Amino acid sequence: MKNVDSLLKAELEKLGVPVERLKYGGKAACFIVYQLVVGRDTFFSDDEEGAQEFTYQVHVYSKTDYIDILQRLKTALKAAGFCAITIDAETYEQDTGYYHVPVEIKYMEV
């Protein structure tokens with residue numbers, strides 16, 4: 001699991017915005033927070049798992065247009081082996097002034 005987490009953080013950092021697990025305390029106009037949602041064994045054979053599947057949520061927060069960063073995020077994560085990338089409903093957080101876009105991704109570790 002540590003390898004997947006490190007890979008995800010490294011790929012997100014290439015986007016040029018601050019990246020943190022679970023909580024960001026800075027004041028950047030755009031930042032990303034990510035979290036592990038589910039890790040499960042899969043592809044069983046003879047009572048042994050053949051792989052592990054990890055589901056992460058990546059949250060993009062931006063005070064400006066975020067479409068470019070979403071496109072670059074999707075391209076970078078696909079190239080790194082992440083799959084089933086789902087961009088969920090965008091919201092605007094009135095109290096903070098940030099647009100918030102959750103993105104769900106999966107990674108299969110064999």
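Visitor: Which residues touch the most other members of the largest nonpolar core?
Guide: The model is predicted. In soluble globular proteins, nonpolar side chains tend to be buried together. Here the largest nonpolar core has 25 residues, and those touching the most other members are L8, L12, I32, V58, L73 and I105.

Visitor: Which elements give two or more residues to this core?
Guide: The core is the one in which L8, L12, I32, V58, L73 and I105 touch the most other members. Helices and strands both contribute two or more residues, and the elements are α1, β2, β3, α2 (67–79) and β6.

Visitor: Which residues does L8 touch, not counting residues up to four places away in sequence?
Guide: L8 is one of the residues that touch the most other core members. Leaving out residues up to four places away in sequence, the residues that L8 touches are Y34, Y56, V58, L77, F82 and I105.

Visitor: How many aromatic pairs are there?
Guide: A pair of aromatic rings is described by the distance of the centres and the angle of the planes. To count as a pair, the ring centres must lie within 6.5 Å. By this rule the number of aromatic pairs is eight.

Visitor: What kind of aromatic pair do F31 and Y98 form?
Guide: The ring centres of F31 and Y98 are 5.2 Å apart, and the angle between the planes is 80°. Planes over 60 degrees apart fall in one class. The pair of F31 and Y98 is therefore edge-to-face.

Visitor: How many residues apart in sequence are the parts tied together by F31 and Y98?
Guide: F31 belongs to strand β2 (residues 30–42), while Y98 belongs to strand β6 (residues 98–109). The pair therefore ties together parts of the chain whose separation in sequence, in residues, is 67.

Visitor: Are F31 and Y98 buried or exposed?
Guide: The dividing value for the first of these words is a relative accessible area under 20%. F31 and Y98 get one description: both are buried.

Visitor: At what angle do the planes of the Y61 and Y98 rings lie?
Guide: The ring centres of Y61 and Y98 are 6.3 Å apart. The pair is edge-to-face because the angle between the planes is 90°.

Visitor: Which strands hold Y61 and Y98?
Guide: Y61 and Y98 are 37 residues apart, and their pair links distant parts of the chain. Y61 is in strand β3 (residues 51–62), and Y98 is in strand β6.

Visitor: Which residues do ring pairs link into a cluster with Y98?
Guide: Y98 pairs with F31, and Y98 also pairs with Y61. Besides Y98, the residues that ring pairs link into the cluster are Y24, F31 and Y61.

Visitor: The charged end of which residue sits over the ring of Y98?
Guide: This charged end is 4.7 Å from the centre of the Y98 ring. The residue whose charged end sits there is K63.

Visitor: How many salt bridges does the structure hold?
Guide: Side chains of opposite charge can pair when their charged atoms come close. In this structure, the number of salt bridges is five.

Visitor: How far apart are the closest N and O atoms of K9 and E13?
Guide: K9 and E13 are four residues apart in helix α1 (residues 2–13), so about one helical turn separates them. K9 is partly exposed at 26% relative accessible area, and E13 is partly exposed at 43%. The two form a salt bridge, with the closest N and O atoms at 3.9 Å.

Visitor: Is E11 buried or exposed?
Guide: E11 meets K14 in a salt bridge, 3.0 Å from N to O. K14 has 61% relative accessibility and counts as exposed. The relative accessibility of E11 is 12%, so E11 counts as buried.

Visitor: Which residue forms a salt bridge with E53?
Guide: The closest N and O atoms of this bridge are 2.9 Å apart, and the partner of E53 is R40. E53 lies in strand β3 and its partner in strand β2, 13 residues apart, so the pair links distant parts of the chain. E53 counts as buried at 13% relative accessibility. At 41%, the residue that counts as partly exposed is R40.

Visitor: With the side chain of which residue does the side chain of H59 make a polar contact?
Guide: H59 lies in strand β3 and counts as buried at 11% relative accessibility. The polar contact spans 2.8 Å, and the partner side chain belongs to H100.

Visitor: The backbone oxygen of which residue does the side chain of S62 reach?
Guide: S62 lies in strand β3 and is buried, with a relative accessible area of 1%. Leaving aside neighbours within four places in sequence, S62 is in contact with A29, C30, G97, Y98 and Y99. At 2.9 Å, the side chain of S62 reaches the backbone oxygen of T64.

Note on methods: Residues are numbered from 1 along each chain as its sequence is written. This is a predicted model: local features need pLDDT of at least 70, side-chain atom pairs count only at pLDDT 80 or more; totals for chains, interfaces and linings use all residues. Side-chain values use heavy atoms; hydrogens and water are left out. Rings of Phe, Tyr and Trp (its six-membered ring) pair if their centres lie within 6.5 Å; planes under 30 degrees apart count as stacked, over 60 as edge-to-face and the rest as tilted. Buried means under 20% relative accessible area, exposed over 50%, partly exposed in between (1.4 Å probe, protein chains only). A charge sits over a ring if NZ of Lys or CZ of Arg is within 6 Å of the ring centre and within 35 degrees of the ring normal. A salt bridge is a side-chain nitrogen of Lys or Arg within 4 Å of a carboxyl oxygen of Asp or Glu. A nonpolar core is a set of buried Ala, Val, Leu, Ile, Met, Phe, Trp, Tyr and Cys residues joined through side-chain atoms within 4.5 Å. Contact means heavy atoms within 4.5 Å. A polar contact is a pair of N or O atoms within 3.5 Å; within protein, one must be able to donate a hydrogen and the other to accept it, and residues adjacent in sequence count only if both atoms are side-chain atoms.
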